[in-house]
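Work through the exercises below with the sequence and model open. Each task is followed by a solution in steps.

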Protein chains: 4
Amino acid sequence: MTAPLASAPGERLRPHRRRRLALVLATHEGTSRIEALSDAVFAIAATLLVIELKIPQGLTDSARLLDALATQWPVYVGYVMSFVYLGIYWSHHVHVFRLFRRTDHVFLKLNVLFLMTIALIPFPTALLGVYWHAHDDRTRTALLVYASSLFVTASLFLAIWLHATHNRRLVDPELDDDVIRATTERYLIGPIGYGASFLVAWWSPVAGALIILLIALFYILPVQLVRHG
Amino acid sequence: MTAPLASAPGERLRPHRRRRLALVLATHEGTSRIEALSDAVFAIAATLLVIELKIPQGLTDSARLLDALATQWPVYVGYVMSFVYLGIYWSHHVHVFRLFRRTDHVFLKLNVLFLMTIALIPFPTALLGVYWHAHDDRTRTALLVYASSLFVTASLFLAIWLHATHNRRLVDPELDDDVIRATTERYLIGPIGYGASFLVAWWSPVAGALIILLIALFYILPVQLVRHG
Amino acid sequence: MTAPLASAPGERLRPHRRRRLALVLATHEGTSRIEALSDAVFAIAATLLVIELKIPQGLTDSARLLDALATQWPVYVGYVMSFVYLGIYWSHHVHVFRLFRRTDHVFLKLNVLFLMTIALIPFPTALLGVYWHAHDDRTRTALLVYASSLFVTASLFLAIWLHATHNRRLVDPELDDDVIRATTERYLIGPIGYGASFLVAWWSPVAGALIILLIALFYILPVQLVRHG
Amino acid sequence: MTAPLASAPGERLRPHRRRRLALVLATHEGTSRIEALSDAVFAIAATLLVIELKIPQGLTDSARLLDALATQWPVYVGYVMSFVYLGIYWSHHVHVFRLFRRTDHVFLKLNVLFLMTIALIPFPTALLGVYWHAHDDRTRTALLVYASSLFVTASLFLAIWLHATHNRRLVDPELDDDVIRATTERYLIGPIGYGASFLVAWWSPVAGALIILLIALFYILPVQLVRHG
């Protein structure tokens with residue numbers, strides 16, 4: 001008689017554990033293909049950047065190859081900037097997705113739109129690489145396109161975050177208020193900063209580019225400073 | 001004597017749980033690489049679209065860069081349309097694969113053929129981007145190719161669905177009849193609509209393009225409206 | 001006194017189950033990144049095929065766009081053939097990896113070499129697409145390159161299989177002898193057939209291409225016919 | 001009374017097992033997206049190498065196609081070398097990531113920088129493929145760029161390893177001292193060797209290329225020789 005009781009507590013725990021495991025698996029299933037798609041888009045956009053690094057062709061004078069390679073420096077800077085930029089977005093994407101417990105329709109669509117701007121990045125990067133040298137209106141045009149593209153990307157990332165955390169729609173209900181507020185503030189810097197860069201670039205492309213650089217530096221700072229701060 | 005009995009019920013449950021875990025793992029294994037391949041193809045096809053956004057080269061007049069960029073607008077529209085279109089297919093692919101419990105040989109082959117049409121999308125997109133401006137037979141030709149490509153993609157997606165749900169071949173035997181019927185109807189809209197777009201485009205490319213746009217809007221609507229409706 | 005004995009059988013089972021779970025996880029970890037890398041290479045090689053489908057440029061005569069597109073037909077055939085071909089290899093890769101329980105150093109290296117030939121496929125495909133029309137020695141050259149590339153791919157796939165199954169080195173020790181033998185025979189058809197295609201192509205490129213087509217049809221047949229036959 | 005005791009030992013073990021499972025899952029979550037991103041970057045960089053294999057165009061003389069293909073041999077050698085090279089880095093990446101238990105901010109950033117150099121590899125490979133034939137200063141320039149690129153890649157890989165193992169920061173605290181020391185020594189060979197190759201290439205590009213080849217051969221040797229040695 002006691003024995004069934006003896007095993008009963010263990011049995012009573014089991015459904016709980018089963019539910020927990022099911023939850024872990026369901027959570028994983030819920031976002032795993034979104035994450036797989038996103039990781040692939042990030043990786044491909046980043047790796048496609050190398051296509052803009054052109055091999056100087058038809059150089060007959062041997063000494064001029066190094067010159068031709070050196071002249072391309074804005075292309076290399078663009079490669080590094082955009083790769084780092086994609087790396088930053090990717091690590092923030094990983095960070096916020098760890099906080100998400102559910103997905104919904106709007107979230108899925110916003111993520112696809114966000115990935116659309118991520119996949120676009122090689123285009124303004126190449127434009128900037130080609131026309132940075134021009135030192136005239138073309139440089140400004142190229143930077144305005146670059147800053148606009150970053151502005152839209154950052155706005156969509158903020159939109160995903162706001163959609164997911166509004167009334168804790170998709171995040172853990174126990175997620176700390178301060179964490180949400182601090183993260184929102186952090187992700188507001190992007191659209192504001194890139195918007196400022198866009199405006200400043202009308203007056204001075206170099207100053208506009210510096211603002212973009214400063215924002216990148218800001219986002220390279222550890223998320224943990226905000227998270228556990 | 002009672003103790004073995006006490007543990008016995010627990011033991012008796014264990015094979016059941018083991019089977020359940022094995023099932024989860026087997027299901028995962030059964031489709032995980034199909035999903036991985038599919039996600040990668042979707043991501044690459046979507047990200048390759050950016051290659052069609054050409055950097056205007058050799059512009060000496062600084063003012064003309066913005067013009068040259070603006071003239072490309074059908075290419076940008078094509079980028080957005082095809083990216084959204086791939087995003088929609090991807091999310092429906094995720095949706096139906098959640099309902100699949102098994103795979104079989106025909107299913108695998110159909111999925112590869114479906115991915116072949118997904119990977120093709122950058123081609124008709126580029127064609128449309130280049131010749132939309134032409135405002136003559138070339139516009140029609142480009143749209144006919146685009147609509148045909150969408151028609152074949154949608155038909156193969158429908159074929160996968162019909163193959164999987166026929167006699168509940170690959171789906172959960174307990175999957176609701178109404179869900180299957182509603183989803184089938186939904187996925188019939190694609191081939192019918194793109195077929196109509198193809199026919200209408202002979203008469204008016206603009207009208208044909210509008211039909212394609214309407215179908216996209218239809219599929220952007222939440223699946224849940226059908227699923228739980 | 002009886003109680004410890006009562007729980008003991010359960011406890012005795014547990015290490016077994018823990019080991020089983022650990023084995024599943026270890027097996028998964030053992031090959032999961034190999035599979036991830038392989039899936040990505042298959043997907044990218046397949047999706048890069050679309051790059052060979054060129055948009056006819058600079059056509060001023062509107063009627064000629066359809067002609068220009070139609071003239072490319074060997075490129076489309078090449079796209080379909082190589083995509084299907086990659087799909088077949090991928091599904092066999094999935095099939096044999098399900099039988100593998102361990103990895104070793106040689107296996108890893110062979111898989112990288114195999115992927116190197118998989119990633120190469122867009123090159124001979126493009127070559128064949130461009131020169132099939134030539135109807136002279138260039139057609140033969142293109143087909144010889146294509147057949148050689150398939151021969152090396154098939155040989156490396158066979159090498160992976162032989163390495164893994166020799167003395168059941170990397171497969172389940174209980175894997176049936178007949179399954180191994182039948183699969184070996186099946187994977188021998190590839191190198192032999194592509195070798196034959198290479199030789200025949202010297203005499204007639206069309207006949208060589210037909211052999212390649214027949215081998216593809218053979219491999220499209222369900223693996224299960226062999227496996228459970 | 002005895003029954004609760006009977007089940008108690010089992011219950012006492014359960015939290016331990018739950019923690020172990022949680023740890024496995026957390027570890028997996030901790031690095032799974034880093035691994036997914038990394039695998040994708042490796043796969044894309046490797047597969048993009050094929051783009052450098054150009055189809056000879058506009059050959060009217062049929063006999064010259066084979067010549068034109070044969071003349072490209074440094075491009076094929078570059079394809080094989082860089083593919084193998086990426087395969088080696090990938091397998092070492094897999095190897096060390098199996099030893100990592102945690103991630104931190106610096107680690108994430110170092111991995112992104114490392115991937116940036118991995119994704120760059122098609123560029124110096126193409127450069128070397130185009131200019132190896134030149135047999136003058138351009139060959140040297142191309143090899144210097146190639147060796148520099150390998151030097152930076154190898155240095156970043158070493159930096160990741162040193163960061164992770166310093167005071168066993170991110171690895172298993174029980175990881176053997178000898179394993180760490182032997183692996184560190186092994187990963188020191190890369191930067192030193194590529195640095196040497198860079199210096200030697202000033203004097204003789206062929207000798208510089210040979211050093212790079214020797215380093216590749218060294219890293220193809222099984223990790224296990226070091227690991228269990």
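**Exercise 1.** State what share of the residues of chain A count as buried.

Solution. A residue is buried if 20 or more other C-beta atoms, placed from the backbone, lie within 10 Å of its own. Of the 229 residues in chain A, 43% count as buried. The model is predicted: local features need pLDDT of at least 70 and side-chain atom pairs pLDDT 80 or more, while totals for chains, interfaces and linings use all residues. Residues are numbered from 1 along each chain as its sequence is written, with chains lettered from A and ligands numbered from 1 in the order in which they are written.

**Exercise 2.** Describe how H6(A) packs on H8(A).

Solution. Step 1: helices are DSSP runs of H or I with at least four residues, numbered from the N terminus. H6 of chain A spans residues 137–165 and H8 of chain A residues 205–220. Step 2: their axes (lines fitted to C-alpha atoms over the stretch in contact, with angles from 0 to 180 degrees between N-to-C directions) are 10 Å apart at an angle of about 25 degrees. H6(A) is therefore roughly parallel to H8(A), the class for angles under 35 degrees. Step 3: contacts (C-beta atoms, placed from the backbone, within 7 Å) join Thr139(A), Arg140(A), Leu143(A), Ala147(A) and Leu150(A) of H6(A) to Pro205(A), Gly208(A), Ala209(A) and Ile212(A) of H8(A).

**Exercise 3.** Classify the angle between H3(B) and H8(B).

Solution. The axes of H3 (residues 73–99) and H8 (residues 205–220) of chain B come within 10 Å and cross at roughly 40 degrees.

Terms used:
Helices (H or I, at least four residues) and strands (E, at least two) are DSSP runs, numbered from the N terminus. Angles under 35 degrees count as roughly parallel, over 145 as roughly antiparallel, 65 to 115 as roughly perpendicular and the rest as oblique. A residue is buried if 20 or more other C-beta atoms lie within 10 Å of its own, exposed if 12 or fewer, and partly exposed in between; C-beta atoms are placed from the backbone. Two residues are in contact if their C-beta atoms, placed from the backbone, lie within 7 Å.
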